[in-house]
Amino acid sequence: MKEILEIIESNPKIPHKDIATMTGLTEAQVASKIKEMENKGIIRKYKTVIDWEKAGEEYVYAIIELKVVLRSRTGYDAIAERIAKFPEVVSVRLISGGHDLSLTVRGKSMKDVAFFVAEKIATLEQVQGTVTHFVLRTYKQDGDILFEKEHSERLAISP
Amino acid sequence: MSGKFVATTVKNIPPSGIRKFFDLVLEMEGVISLGVGEPDFVTPWHIREACIYSLEKGFTTYTSNLGLLELREWISKSFKNDYKVDYDPKNQVLVTTGVSEAADLAFRAVINPCDEVIIPEPCYVSYKPSVSMAGGKPVPVPTFRENEFRVTCEQIQKSITRKTKALVLSYPNNPTGAIMRQKDLEEIADVVNENDLVVISDEVYGKLTYEGAHTCFSSISGMKDRSIILNGLSKSHAMTGLRIGFATGSEELIGAMTKIHQYSMLCAPITAQMGAIEAIKNGNAEMEKMVKEYDRRRRMVVNGFNNLGLDCFEPLGAFYAFPSIKSTGLTSEEFAERLLKTEKVAVVPGDVFGECGAGHLRCSYATSREQLVEALSRIGSFLDKI
């Protein structure tokens with residue numbers, strides 16, 4: 001199982017036939033194992049990493065740190081869940097340190113993001129303060145280096 | 001030029017068969033090369049960073065001839081962990097500039113004029129010339145697919161004369177990918193003992209063993225004092241160009257090798273030694289990832305060749321497949337040359353590694369899966385045309 005996950009983690013489009021060869025399983029076994037992992041939610045979804053800038057679309061990303069005051073009996077989960085429901089919010093994490101929650105927000109412009117935070121997030125009752133960091137450039141995302149990848153400069157033939 | 005200044009021993013060494021291909025490939029574009037004897041991974045970043053840090057700190061001096069003590073301690077520790085063999089880092093471990101240097105030192109340290117050295121083939125290209133340059137006589141022993149390219153104790157026994165001094169073992173093997181079972185090694189150990197031989201065992205591909213664990217020759221009972229184990233980080237940690245190899249053996253043998261090393265190489269480069277410490281200390285996770293990936297490609301390639309109708313022995317170590325092309329009626333060299341010219345895939349003819357390699361090709365799978373798939377499909381269309 002783990003072996004299959006490692007193979008498809010960076011490329012879900014590898015044909016089952018090839019996975020079968022690499023793992024020594026039959027094609028049917030591979031298909032049923034993958035199905036099983038999809039059903040169990042081990043494989044959450046297959047995603048496409050897009051360079052939107054190259055596609056001519058400009059997006060602005062910001063990391064927002066929140067200080068949260070908990071209301072009686074509802075924990076962090078409740079407020080995190082509320083925030084997570086906004087489609088503008090790309091990720092929500094509970095963090096240690098000076099702040100409680102860390103969000104990534106995506107918008108069409110800086111104004112867009114700023115207004116969203118001011119109107120939708122800062123106004124939440126439990127949110128005591130926000131700090132917004134606009135992302136100027138992304139160098140690495142989801143384990144993928146976004147600048148020129150390095151490759152081995154090998155000679156074509158060696159002993 | 002008459003070449004009158006060049007020594008006869010050197011003149012008599014045939015040029016490497018790999019060289020000719022290398023020159024051909026250089027002239028072409030769009031070639032997929034399966035002819036490469038090194039990893040396609042770049043050296044893991046933490047190792048490179050250790051090298052950079054050492055430069056920043058100004059570690060640019062000579063080291064002890066034997067190598068940095070800390071590195072030797074780590075090497076000794078890893079032998080104990082991996083193979084349960086004890087080597088004293090003070091005098092039984094020598095750090096060299098790649099395993100090639102270690103092999104050369106080992107031959108020069110043990111060979112008296114005209115001593116015979118048994119070398120199972122196919123094998124890495126340097127052993128025979130190194131033995132000749134050390135004044136010895138290489139005695140090749142062929143291995144075959146029928147016996148999974150393993151040398152047998154009977155074969156060794158038959159090749160022994162009163163002049164036989166040493167036996168070379170190189171498993172996991174370049175170019176076949178063959179490995180030895182513990183039982184094979186034990187049988188060979190008996191022959192070695194009876195005939196009072198010294199064994200030079202090149203185990204640089206030891207970490208790249210895909211079924212079961214590698215058996216270090218000196219872990220066989222009674223063999224530690226009569227063997228020199230050659231190993232290094234080039235293949236396991238993708239650091240070929242950093243040139244770190246090492247030899248382990250008895251104080252007597254390592255002492256003899258160190259004598260030559262101190263007058264020729266002096267010491268391995270300190271930057272690379274610093275990187276090597278980091279590699280052994282913290283490099284296991286990255287290494288295991290690379291080995292796993294090689295294993296996947298190995299299955300793909302072996303399967304690919306067999307599907308193309310080229311009988312391919314299942315390699316259990318290193319990163320080479322060694323398919324037979326006898327069914328095509330071409331010689332290895334014809335096949336390789338025509339394949340390169342018509343389909344732009346570079347492979348190495350098997351006879352470069354010894355006569356018995358004829359009719360085979362060495363194809364390295366230390367290349368991305370995408371490239372391997374493309375190479376196999378090009379070989380397929382080449383086969384359709386001949």
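A: One definition before we start: helices (H or I, at least four residues) and strands (E, at least two) are DSSP runs, numbered from the N terminus. With that in mind, B:Leu266 lies in the loop between helix 9 (251–264) and helix 10 of chain B. And keep in mind that this is a predicted model.

Q: What's up with the phi of B:Leu266?
A: The phi of B:Leu266 is positive, about 75°, although B:Leu266 is not a glycine.

Q: Is B:Leu266 buried or exposed?
A: Exposed: B:Leu266 has 11 other C-beta atoms within 10 Å, and the cut-off for exposed is 12 or fewer.

Q: Which residue has a positive phi of about 60°?
A: That's B:Lys84, again not a glycine. B:Lys84 sits in the loop between helix 4 (69–83) and strand 2 (93–97) of chain B. With 9 other C-beta atoms within 10 Å, B:Lys84 is exposed.

Q: Let's move to cis peptides. Which residue does a cis peptide bond join to B:Glu121?
A: B:Pro122, with omega at about 0°. B:Pro122 is in the loop between strand 3 (116–121) and helix 6 (127–133) of chain B.

Q: And what about the bond from B:Tyr171 to B:Pro172?
A: That peptide bond is cis, with omega near -10°. B:Pro172 is in the loop between strand 5 (164–169) and helix 8 (182–194) of chain B.

Q: Back to helix 10 of chain B. How does it cross helix 3 of chain B?
A: The axes of helix 3 (residues 45–56) and helix 10 (residues 270–282) of chain B come within 8 Å and cross at roughly 140°. The two helices are therefore oblique to each other.

Q: What's the handedness of that crossing?
A: The crossing of helix 3 and helix 10 of chain B is right-handed. Helix 3 of chain B brings residues including B:His46, B:Ile47 and B:Ala50 to the contact, and helix 10 of chain B brings B:Ile270, B:Thr271 and B:Met274, among others. The contact residues divide into seven nonpolar, five polar and one charged.

Q: Over to chain A. What's the angle between helix 2 and helix 3 there?
A: Roughly 105°, with the axes of helix 2 and helix 3 (residues 27–40) of chain A coming within 8 Å. That makes helix 2 of chain A roughly perpendicular to helix 3 of chain A.

Q: Which residues meet there?
A: From helix 2 of chain A, A:His16, A:Lys17, A:Ile19 and A:Ala20 meet A:Glu27, A:Val30 and A:Ala31 in helix 3 of chain A. They split into four nonpolar, one polar and two charged.

Q: What's the strand order in the chain A sheet?
A: It's an open sheet of four strands in the order 2-3-1-4, with antiparallel pairing. Strand 2 (89–94) and strand 4 (127–134) of chain A are the edge strands. Strand 2 of chain A pairs with strand 3 (residues 101–107) of chain A over five bridges, and A:Val92 stands opposite A:Leu103 in strand 3 of chain A.

Q: Which strands does helix 4 of chain A lie across?
A: Helix 4 (residues 76–84) of chain A lies across strand 1 (60–68), strand 2 and strand 3 of chain A, and runs at about 170° to strand 2 of chain A.

Q: Last one: how many residues does each chain put into the contact between chains A and B?
A: Twelve from chain A and 22 from chain B. On the chain A side, the largest share, three residues, comes from helix 2 (residues 16–23) of chain A. That side divides into five nonpolar, four polar and three charged residues.

Note on methods: Residues are numbered from 1 along each chain as its sequence is written. Chains are lettered from A and ligands numbered from 1 in the order in which they are written. This is a predicted model: local features need pLDDT of at least 70, side-chain atom pairs count only at pLDDT 80 or more; totals for chains, interfaces and linings use all residues. Two residues are in contact if their C-beta atoms, placed from the backbone, lie within 7 Å. Ala, Val, Leu, Ile, Met, Phe, Trp, Tyr, Cys and Pro count as nonpolar, Asp, Glu, Lys and Arg as charged, and the others, Gly among them, as polar. Axes are lines fitted to C-alpha atoms, for helices over the stretch in contact, and angles run from 0 to 180 degrees between N-to-C directions. Angles under 35 degrees count as roughly parallel, over 145 as roughly antiparallel, 65 to 115 as roughly perpendicular and the rest as oblique. Two strands pair if DSSP finds at least two bridges between them. A crossing is left-handed if the near helix is turned anticlockwise from the far one by less than a right angle, and right-handed if clockwise. A residue is buried if 20 or more other C-beta atoms lie within 10 Å of its own, exposed if 12 or fewer, and partly exposed in between; C-beta atoms are placed from the backbone.
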